[in-house]
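Please examine the sequence and the three-dimensional model shown below.

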Amino acid sequence: MTAIFDMAGMACISLGVALFIAGAAGVLRLPDALSRFHALTKIDNLALGCICVGLALMARDLASLGMLTLIWIMALVSGAVAAQLVAGSQAGQR
């Protein structure tokens, strides 16, 4: 049973890494800061979620699950706040 969870965890982690690469490509290709932050906040939060789910499937204790959940929530909140601050400063410059 643990081999199934490990394989599912590795699949989720691989998907998360692929999403991080796609987000990096979006940041490099998009023309302005607002579009770049859109790619960064959407794709990177999804990728981090996939990685956290994969690690949670491979975790053996409840403390690790709690820490992974806390890490993911803190990244979601900080990414959203940073994007709002940058978007507000960019809108003031136009």
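The paragraphs that follow treat confidence, fold, charge pairing, surface and cysteines in turn.

This is a predicted model, in which local features need pLDDT of at least 70 and side-chain atom pairs count only at pLDDT 80 or more, while totals for chains, interfaces and linings use all residues. Residues are numbered from 1 along each chain as its sequence is written, and side-chain values use heavy atoms, with hydrogens and water left out.

The predictor's confidence in each residue is expressed as pLDDT, on a scale from 0 to 100. Its average over the protein is 87, and 95% of the residues score at least 70. Helix α1 (residues 2-29) has the highest confidence, at 92, whereas helix α3 (residues 62-93) has the lowest, at a mean of 83.

The secondary structure consists of three helices and zero strands, arranged along the sequence as α-α-α. These elements are DSSP runs numbered from the N terminus, with helices being H or I over at least four residues and strands being E over at least two. Along the principal axes, the C-alpha atoms fill a box of roughly 55 × 25 × 10 Å. The radius of gyration is 16 Å, whereas a compact globule of 94 residues would have one near 12 Å; the radius is taken over C-alpha atoms, and the globule rule is 2.2 Å times the number of residues to the power 0.38. Of the 94 residues, 21% are buried. Here buried means under 20% relative accessible area, exposed means over 50%, and partly exposed lies in between (1.4 Å probe, protein chains only).

Which side chains meet in a salt bridge? Side chains of opposite charge can pair when their charged atoms come close. The criterion is a side-chain nitrogen of Lys or Arg within 4 Å of a carboxyl oxygen of Asp or Glu, and the count comes to one salt bridge. Arg 60 and Asp 6 form this contact, at 3.2 Å from N to O. The pair links distant parts of the chain, 54 residues apart: Arg 60 lies in the loop between α2 (33-58) and α3, and Asp 6 in helix α1. Arg 60 is exposed at 54% relative accessibility, while Asp 6 is partly exposed at 26%.

The surface also carries a nonpolar patch made of Val 53, Trp 72, Ile 73, Leu 76, Val 77, Val 81 and Leu 85, with about 600 Å² of accessible area together. Patches are made of residues with over 30% relative accessible area and no salt bridge, like charges being joined within 9 Å and nonpolar side chains (Val, Leu, Ile, Met, Phe, Trp, Tyr) within 5 Å. The areas come from the Shrake-Rupley method with a 1.4 Å probe, and for residues only the protein chains shown count as cover. Helix α3 gives the most to the patch, with six residues. Val 53 is found in helix α2 and is partly exposed, at 39% relative accessible area.

Why does the structure hold zero disulfides? A disulfide is a covalent bond between the sulfur atoms of two cysteines, counted here when the two sulfur atoms are within 2.5 Å. The sulfur of Cys 50 is too far for a bond because its closest cysteine sulfur, in Cys 12, is 6.2 Å away. The sulfur of Cys 52 is likewise too far for a bond, with the closest cysteine sulfur, in Cys 50, at 9.6 Å. Cys 50 is buried at 15% relative accessibility, and Cys 52 is buried at 6%.
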